[in-house]
2 protein chains.
Amino acid sequence: MSLAGKRILVTAGPTREAIDPVRYISNHSSGKMGYALARAAREAGAEVHLITGPTTLTVPGGVKASSITTTAELARAVTECFGWCDGLIMAAAPADFRPLHDARTKIKRGTDALGLELEPTQDILKGLTKERRQGQVVVGFALETDNAEKNARRKLREKGLDMIVLNVPGEDSGFDTETNRVSLIRPRRKSVVLPVLHKDEVARRIIEQMAQMF
Amino acid sequence: MSLAGKRILVTAGPTREAIDPVRYISNHSSGKMGYALARAAREAGAEVHLITGPTTLTVPGGVKASSITTTAELARAVTECFGWCDGLIMAAAPADFRPLHDARTKIKRGTDALGLELEPTQDILKGLTKERRQGQVVVGFALETDNAEKNARRKLREKGLDMIVLNVPGEDSGFDTETNRVSLIRPRRKSVVLPVLHKDEVARRIIEQMAQMF
């Protein structure tokens with residue numbers, strides 16, 4: 001199954017939202033799944049652009065990459081590149097919430113509890129899928145700890161995705177592991193439940209499914 | 001100046017405090033300053049134990065290391081090892097606040113603002129300096145964005161430290177830089193204001209000062 005001639009946009013890694021000049025909110029995303037997808041798409045013949053949050057990984061050979069830190073920067077980068085691509089895989093784990101006030105000076109340690117007001121960040125996929133061209137394939141990820149399949153199917157529907165990769169975190173699966181346990185969920189189809197596989201192999205299976213959609 | 005025969009305990013890197021199974025609060029500490037201090041202490045002849053938060057750095061040769069994630073784990077590890085050491089350098093940047101409730105399940109994205117209740121974490125140095133032996137040297141760090149020297153001197157006094165390394169973050173100084181701009185502040189002495197130097201050189205200057213205190 002080939003992606004020759006296709007342009008694939010992949011996002012990877014976490015985002016960080018500043019609480020003050022030194023502190024931030026982030027998540028345990030390592031970027032491994034997204035980097036593996038960029039590599040697999042490239043190996044399948046696609047032209048690949050990777051938009052990556054802060055990770056310690058090396059960009060795969062032949063892949064163009066750009067770096068972002070916050071969810072707002074990720075949204076801007078994806079929106080700019082979306083028109084270019086034939087397929088988008090949103091493997092990044094953007095922060096869903098950010099501090100309402102980004103303190104200019106470091107918050108002092110005190111003895112009292114502190115209330116941190118958070119506001120939801122932009123829902124990147126929701127905005128994008130409205131303006132996509134016919135034939136553009138969009139794949140999302142869902143990390144769910146409860147009511148996993150039900151929540152993932154709702155996300156698939158609400159965001160108008162072509163496929164959602166459901167990730168149920170565990171000892172051998174999730175953010176900072178070499179392996180992953182995922183289900184591939186497409187509208188009006190039975191979910192494909194994959195066994196625990198190395199993230200490189202999970203990436204190949206996702207790219208295979210994606211290639212069938214063009 | 002030699003630290004031969006001395007046992008030096010160094011802490012390095014950030015800590016992480018869980019908001020829920022996937023999200024956490026952390027800070028931009030890279031661990032570079034602490035690792036450079038462990039290396040410099042070792043080169044000065046000391047036996048060195050490094051307690052490190054999550055970083056991407058390699059432990060210097062000849063240095064014993066143990067890993068922690070949260071501020072509570074850091075406090076436990078330092079308290080356990082404190083009796084062993086002749087000198088402690090607290091270069092770690094522990095989170096000062098942690099979520100009051102560690103949510104067992106992932107917080108769902110919503111459209112509403114969210115209030116996150118934070119509580120202060122344990123003040124590690126404050127607890128330790130009370131129970132130290134005579135002659136045990138304790139060095140702390142202060143990262144200050146306003147009223148820097150005044151805040152650092154207060155910290156020095158309140159925590160009963162022998163020296164505080166004041167770090168004023170800037171483009172060539174702070175958490176994720178190769179260089180650092182610091183002042184070395186000791187009780188009843190004029191501050192030693194160092195120029196911008198590579199963190200390895202800053203580490204050697206700190207170790208030199210420390211060696212004079214034994």
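1. In chain A, helix α1(A) crosses helix α5(A) in a right-handed sense. A crossing is called right-handed if the near helix is turned clockwise from the far one by less than a right angle, and left-handed if anticlockwise. The model is predicted, so local features need pLDDT of at least 70 and side-chain atom pairs count only at pLDDT 80 or more, while totals for chains, interfaces and linings use all residues. Residues are numbered from 1 along each chain as its sequence is written, and chains are lettered from A and ligands numbered from 1 in the order in which they are written.

2. Two packed helices are described by the angle between their axes and the distance between the axes. For α1 (residues 32–43) and α5 (residues 199–213) of chain A, the angle is about 55° and the axes lie 8 Å apart. Axes are lines fitted to C-alpha atoms, for helices over the stretch in contact, and angles run from 0 to 180 degrees between N-to-C directions. Helices (H or I, at least four residues) and strands (E, at least two) are DSSP runs, numbered from the N terminus. α1(A) and α5(A) are therefore oblique to each other; angles under 35 degrees count as roughly parallel, over 145 as roughly antiparallel, 65 to 115 as roughly perpendicular and the rest as oblique.

3. Which residues of α1(A) meet α5(A)? They are Lys32(A), Met33(A), Ala36(A), Leu37(A), Arg39(A), Ala40(A) and Ala41(A), and on the α5(A) side stand Lys199(A), Asp200(A), Ala203(A), Arg204(A), Ile206(A) and Ile207(A). Residues are in contact if their C-beta atoms, placed from the backbone, lie within 7 Å. By class, this contact of α1(A) with α5(A) holds 8 nonpolar, no polar and 5 charged residues. Ala, Val, Leu, Ile, Met, Phe, Trp, Tyr, Cys and Pro count as nonpolar, Asp, Glu, Lys and Arg as charged, and the others, Gly among them, as polar.

4. In chain B, helices α1 (residues 32–43) and α5 (residues 199–213) pack at about 55° with axes 8 Å apart. That makes α1(B) oblique to α5(B). The crossing of α1(B) over α5(B) is right-handed.

5. A rotation of 180° with 0.0 Å of shift along its axis superposes chain A on chain B, with an RMSD of 0.0 Å. That is the relation of a two-fold axis. The superposition is by least squares on the C-alpha atoms of residues with pLDDT of at least 70 in both copies.

6. The contact between the chains takes 30 residues from chain A and 30 residues from chain B. On the side of chain A that touches chain B, the elements giving two or more residues are β3 (23–27) and β8 of chain A. The largest share, 7 residues, comes from β8(A). By class, that side of chain A divides into 14 nonpolar, 9 polar and 7 charged residues. 100% of the interface residues of chain A are also interface residues in chain B, so the copies meet through the same surface.

7. One open sheet of 4 strands runs in the order β2(A)-β3(A)-β3(B)-β2(B), with antiparallel pairing. β2 (17–18) of chain A and β2 (17–18) of chain B stand at the edges, each with a single partner strand, so one side of each is left without a neighbour in the sheet. Strands pair if DSSP finds at least two bridges between them; β3(A) and β3(B) are antiparallel and joined by 5 bridges. Asn27(A) stands opposite Arg23(B), and Arg23(A) has Asn27(B) as its bridge partner.

8. Another open sheet of 4 strands has the order β7(A)-β8(A)-β8(B)-β7(B), again with antiparallel pairing. Its edge strands are β7 (97–99) of chain A and β7 (97–99) of chain B, each pairing on one side only. Neighbouring strands here are turned by 40° against each other on average, direction ignored. Within chain A, β7(A) pairs with β8 (residues 114–120) in the antiparallel sense over 3 bridges. Arg98(A) stands opposite Glu119(A) in β8(A).

Notes. Contact = placed C-beta atoms within 7 Å.
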